[in-house]
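Colleague: I would like to go through this model with you term by term, and to ask each time what a word rests on.

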Amino acid sequence: MMSPVLKLAKAMATGASGVWLRMLDEKKIFRKHILKLTAGLSFIHPKQSETHTTIPSTPQQDPRTPPIPPTKPPVSTTTSASTAAAAAAMIPLLIISLLSLLDPSAQSGPSLSVSPAVLSKSGDPVLIRWSGVDSPSGLDWLGIYAPPDSPHDLFIGYVFLSSDPAHLSSGSGSVSLPLPNLRSNYSFRIFRWSESEVDRSRLDHDHNPLPGTQHFLGASVEAGFEPGRGPEQVHLAYTDREDEMRVMFVAEDGERRYVRYGERVGKMGKPAAARAGRYERDHMCDAPANDSVGWRDPGWIHDAVMRNLKGGVRYYYQVGSDSGGWSKTHSFMPRAKDSDETIAFLFGDLGTATPYTTFYRTQDESISTIKWILRDIEALGNRPSFVSHIGDISYARGYSWLWDHFFTQIEPVAAQVPYHVCIGNHEYDWPLQPWKPEWAQMIYGTDGGGECGVPYSLRFNMPGDSSEPTGMKAPATRNLYYSFDMGVVHFLYMSTETNFLPGSKQYDFIKTDLESVDRKKTPFVIVQGHRPMYTTSYESGDRSIREKMMEHLEPLLVKNKVTLVLWGHVHRYERFCPINNFTCGSTDPAEDNWEALPIHLVIGMAGQDWQPVWQPRPDHLKDPIYPQPQRSLYRGGEFGYTRLVATREKLVLSYVGNHDGEVHDSVEILASGQVLNSGTSGAEPKIEVSESFFSWFVKGASVLVLGAFVGYILGYISHARREAASQSSWTPVKSDDA
């Protein structure tokens, strides 16, 4: 990008006197010096002379390279008028040289290269190399910008150059960054930052000072994504009909897009049209979501439904259009109407990971969670399953590009199994939210970063039609409470961020839905929400909402014999006994007082690493001693997810740890509600990991090599024996026969 000074000089060189004078007035740069240099000169436009010398146009000057020397005009043999025109035309070129010397941005500095400059799909890495940084220090940093012309302080993230150890010794290095498609190009800039300039009042979420932008050293060329690559951020969801599947995706515009699908890759049926919509900056309710630091164009969100699906049949699909390009081919297994099996992967508080530091701490553990779930899905073959993510989805909190990171990260899973969600505090809460009773004043704060549920409501489309008005310009909040059947389990989702008290629409829905479950069709019932009713973490701030849920919702759970109740919010795993009002029920049906009670679990351990401590002893609150109450049967701080496998007779829920992908806790429940096993008893069903073709190839090759080796040994032994036998009874050969 040319500096204002060079733009001014170029305007003068082309004879646009009005333009350069206006630029002088706007920028106030070297006004007095320019006026002195140009006093008394008359700029003659080429068209004003019938005989003139054409001056080659001055190429655009890169502010990071030395100035371009003025072009010497050819010797003229025409009239004195043309000679005067040529002389006059040289004046602006001389000024270019002078101003280039005075312009600091035109001096040589660090060089940056970007490879490749054109990426093929979202999530592809770009390699940024730099060199020529004088006196390198540990505070030199690389800013990531999208759009590329963003002001210096509106970066989306940054990386310290010392992340490559070579930088400190040579002033050169490189970094590879996988980047999501933000529907604009990227640029990268190097800045120098010193200890004396650290502003301790300007901190990120991790309490680290945000880097300063006073000393700009250099910028790269732009990097972007190739056109015609098709939509991205593809994810599936169930609808209210068992023979349908919803697919949503993001494109750069609202032009008509489709989904085409069928039972074979080469024969996909007639495309189904998608609806397109988007949200705007003024739909956001607070900063940073509606501020320039957090807002980026979210693109257009497209929503289509695949209909008349047959259970037990794998379908293949693509999204896009002929003009805008088609996505890669994905596939999925729809629900089977009378299936005797349910498989699901359930967790809360996943978030997303970024390859750079940004204003909020991001969730690196989310990478492992997605990796292990993808392993399990691939091992299932043609058995349908789905994902349940119960609140605190992307942790964007007003920084909109983190939603793009999130959907890029989950697409390998969400494009082949339905991805279901419920709302959490980090998608919704803002100071003016419409339902905020007196007892919740300290609970519902600013955790949503001003998004007030808007990205969550438009980027997902769950079954049902629940919604609540925001009371602002923002559209109504959707996907609050809903339910569906999948195999032998009835799943109900609720919102802990909107009104759930008696008399509310949500309470009526929960009550009616639980009372109408057909237990012959779905013998198991699972309720899910974000903030937990039971936890032994030291979460005193949420005590009042837990008390309200126990008062008004727990009786519904107990009365309707809910099997499991799953919560997030607390970033740990914890499993409780069958419980009612803090009291563990009997697990032996032979006892007179036995009844099937809900088992509550906290499963918010999928990615967010902001972990609370467990509750200390009431009379020793400051001592780091955290006794485990009897009602808490298992609790741990390891990241992971839960895996549910249910048949018509029993349900097994297993806790899979991220560090090894193995089961660390499980519970087995019969359809009657009886708990058979809990802990790591080996009751959990195994999902065998299918072997790849390469694995079979390696095994086959190994067998062949081993066979050849054994054959060689046996052959050698046989040959040795024959040779020994021949030597014991041999006949000399005549020399002339030799």
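Modeller: Let us begin with burial: a residue is called buried under 20% relative accessible area, exposed over 50%, and partly exposed in between, with a 1.4 Å probe and protein chains only as cover. The model is predicted, so local features need pLDDT of at least 70 and side-chain atom pairs count only at pLDDT 80 or more, while totals for chains, interfaces and linings use all residues. Residues are numbered from 1 along each chain as its sequence is written, and side-chain values use heavy atoms, with hydrogens and water left out.

Colleague: Why is Gly 450 called buried?

Modeller: Gly 450 has a relative accessible area of 3%, and the word buried applies under 20%, so Gly 450 counts as buried. Gly 450 sits in the loop between helix H8 (425-428) and helix H9 (454-459), where helices (H or I, at least four residues) and strands (E, at least two) are DSSP runs numbered from the N terminus.

Colleague: What is Gly 450 in contact with, leaving aside its neighbours within four places in sequence?

Modeller: Contact means heavy atoms within 4.5 Å, and by that rule Gly 450 touches Met 284, Cys 285, Asp 286, Ala 287 and Ala 289.

Colleague: How do you know that Thr 536 is buried, and where is it found?

Modeller: The relative accessibility of Thr 536 is 2%, so Thr 536 counts as buried, and its place is the loop between strand S26 (524-528) and helix H11 (543-552). Tyr 538 lies in the loop between S26 and H11 as well, but at 36% relative accessibility Tyr 538 counts as partly exposed.

Colleague: Why is strand S15 described as largely enclosed?

Modeller: Six of the seven residues of S15 (residues 300-306) are buried, so the rest of the structure largely encloses this strand.

Colleague: What makes S15 a paired strand, and which strands are its partners?

Modeller: Two strands pair if DSSP finds at least two bridges between them. Strand S11 (residues 245-251) is joined to S15 by seven bridges and runs antiparallel to it, and strand S14 (residues 275-277) pairs with S15 over three bridges, again in the antiparallel sense. Ile 301 in S15 stands opposite Val 250, and Ile 301 is also the bridge partner of Gly 277.

Colleague: Why does Phe 188 count as buried?

Modeller: Phe 188 is found in strand S7 (residues 187-192), and its relative accessibility is 0%, so Phe 188 counts as buried. The C-alpha atoms of Phe 188 and Leu 142 are 6.6 Å apart, although 46 residues separate the two in sequence.

Colleague: How many helices and strands does the protein have, and what share of its residues is buried?

Modeller: The protein has 13 helices and 35 strands, and buried residues make up 51% of its 738 residues.
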